[in-house]
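Biologist: I have a model open and would like to learn how to read its features. Could you take me through a few of them?

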Amino acid sequence: MSKNTNIFAHFKSDFASGLVVFLVALPLCLGIAMASGAPLFSGIITGIIGGIVVGFLSQSQISVSGPAAGLTAIILTAITTLGGFDVFLTAVFIAGIIQLTLGLLKAGSISNYFPTNVIEGMLAGIGVIIIMKQLPHAFGYDADFEGDQSFVQTTGDNTFSAFFNVLNHLQLGAILITLVSIAILIAWDKVPALKKLKLVPGALVAVIVGIVLNEFFTSSGSSLAIEKEHLVSLPVPTSFDEFKAIIVTPNFSGFLNPQVWVVGVTIAVVASIETLLCIEAADRMDVHKRYTNTNVELRAQGIGNIVCSLIGGLPLTSVVVRTSANNEAGAKSKLSAIIHGVLLLVCALSIPFILNKIPLATLAAVLILVGYKLAKPATFKHFWSYGKYQFLPFIATFLGVVFTDLLKGVVLGIVICIIFILRGNLKRAYSFRKNEYVDGDIIHIDLAQEVSFLNKAAIKMTLAKIPKNSTVVIDAKDTVYIAHDILDLIHEFKTIRAIDDNINVKLIGFKKEYDLENSNESQNHVSIEHHYDFVKREMVEKKVVNEDFLQ
């Protein structure tokens with residue numbers, strides 16, 4: 001793809017994908033606001049700011065920002081603890097300032113240390129979560145809030161028990177609309193004639209058909225009609241005063257409350273980590289493999305949270321679910337995220353009564369297909385074929401995300417990667433080879449470029465196993481750094497153990513600052529050459545090999 005600076009260069013595909021993200025984001029914004037104990041419209045405000053402000057400032061071409069499920073518990077507790085939503089908004093303002101500062105300090109570079117297999121495991125886990133969380137909506141019942149991603153739910157159920165509870169509350173109308181919606185979405189993706197209609201996304205067609213079907217069920221008095229609880233539920237202000245009451249401003253007296261600062265720092269840290277993870281995931285999903293400047297992203301998120309706090313929005317992050325939906329809908333540039341924000345603004349203010357007719361079952365169908373593409377079996381097969389060192393962190397992250405939450409799953413995967421790295425470092429600290437000769441063994445220990453204290457245990461064990469009456473050559477010619485622990489270990493071995501067990505220790509290539517005296521290089525060379533000459537003569541005399549072969 002050519003680098004085109006014109007943001008409207010791919011308007012058709014970006015408008016279509018922005019429309020899809022808008023449809024997906026609408027119930028998620030409302031559900032997360034409800035679960036957070038905040039005003040419902042605060043979630044919509046955050047979606048609008050995440051789309052327009054962050055979308056414009058960010059360099060990511062496909063990521064979409066908005067209210068995040070991972071912050072709901074923090075927000076719910078904070079609003080109660082701080083005594084009001086207006087005081088909480090001050091904490092969001094502080095979080096935004098901290099994120100902006102982190103971006104200026106170039107803290108976003110930490111994302112470069114997220115392993116690919118962990119990011120892919122996170123995406124696969126999110127995919128399974130999306131499917132499991134949307135199945136209740138597909139069957140017409142869900143006691144949990146829209147957008148939840150945690151295994152243990154606020155209702156006391158978990159993801160699996162909640163699904164089995166749904167089987168006792170099946171709603172045939174919702175199931176029918178889900179099946180019709182999935183059929184439309186698959187046909188739009190597979191039928192060549194329909195694929196050409198890029199400006200009309202399949203999700204919009206599915207939504208329109210879902211609304212029409214449910215309106216028909218309702219007007220005909222059919223038992224298939226979907227109840228209001230399973231439709232989008234957007235607040236509908238009937239007067240200017242009601243609309244004005246939606247906008248809550250921060251109570252800046254909260255600056256004097258230490259708890260407000262604690263909440264602000266907490267939100268900044270969690271939101272920044274989730275954003276960086278999502279940006280890495282977005283870059284992995286991007287078919288054009290464009291890379292995002294994560295420092296710019298942190299600054300954009302910080303400004304976004306500052307604006308959210310000033311007009312009554314929830315804290316925002318870059319969100320995997322919206323980003324995945326955006327990518328699967330065919331987004332080409334960040335215009336898609338901006339369009340989704342504009343649509344939230346315009347439609348939420350002008351046609352909320354129409355949006356409130358959208359069945360959640362239709363939106364569940366959209367998300368289920370997104371989830372499948374994130375967690376398709378080919379991904380698991382791919383990492384399995386790469387061996388255990390790639391597969392284990394991948395599958396651990398996947399399971400951790402599914403059975404706990406996003407951050408815990410990622411931490412688990414990274415910890416396993418670090419264990420593998422440390423284990424590999426222990427093995428790569430030196431190379432060991434043993435040559436056996438008639439008049440004694442020569443053991444070579446060639447140290448690597450960097451030998452840290454982490455390698456102490458392995459080297460100590462190797463030196464302890466060196467047999468009596470042998471010759472040891474420890475070569476440090478290639479080293480750049482050797483920890484003092486290792487130098488002390490070698491010094492003790494040479495001056496104590498080697499003398500006691502009649503071990504001839506030869507040191508080669510140790511720098512002056514290591515404070516270890518090298519053996520005489522010429523003596524080492526003569527001694528070793530003498531050894532090889534003796535062995536060669538002995539092998540020729542015994543006719544083991546031809547002398548020409550040894551030349």
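Predicted model: local features only at pLDDT ≥ 70, side-chain atom pairs only at ≥ 80, totals over all residues.

Biologist: Which residue forms a salt bridge with Lys373 at 3.6 Å?

Modeller: That is Glu328, with 3.6 Å between the closest N and O atoms. Lys373 belongs to helix H16 and Glu328 to helix H13, so this pair ties together parts that are 45 residues apart in sequence. The side chain of Lys373 also meets that of Asp189 in a salt bridge, at 3.9 Å from N to O. Here Asp189 is in helix H7, and 184 residues separate the pair.

Biologist: How should I look for pockets?

Modeller: Rolling a probe the size of a water molecule over the atoms shows where empty space is left. In this model the largest pocket holds about 780 Å³. Among the residues closest to its centre are Asp189, Glu328 and Lys373. Its lining divides into 16 nonpolar, three polar and eight charged residues.

Biologist: And how do I read a strand?

Modeller: In a regular strand the side chains alternate between the two faces of the sheet. For E6, Thr471, Val473 and Asp475 are on one side, Val472 and Ile474 on the other, and all are buried. Five bridges join E6 to the parallel strand E8, where Leu507 stands opposite Ile474.

Key. Residues numbered from 1 in each chain as written. Heavy atoms only, no water. Buried < 20%, exposed > 50% of the residue type's maximum accessible area, 1.4 Å probe, protein only. Helix = DSSP H or I, 4+ residues; strand = E, 2+ residues; numbered from the N terminus. Pairing = 2+ DSSP bridges. 1 Å grid on protein atoms, 1.4 Å probe; cavity = no way out; pocket = protein on both sides within 12 Å on 5 of 7 lines; lining within 4 Å. Points joined across faces, edges and corners; volume = space filled by probe spheres on them. Nonpolar A, V, L, I, M, F, W, Y, C, P; charged D, E, K, R; others polar. Salt bridge = Lys/Arg side-chain N within 4 Å of Asp/Glu carboxyl O.
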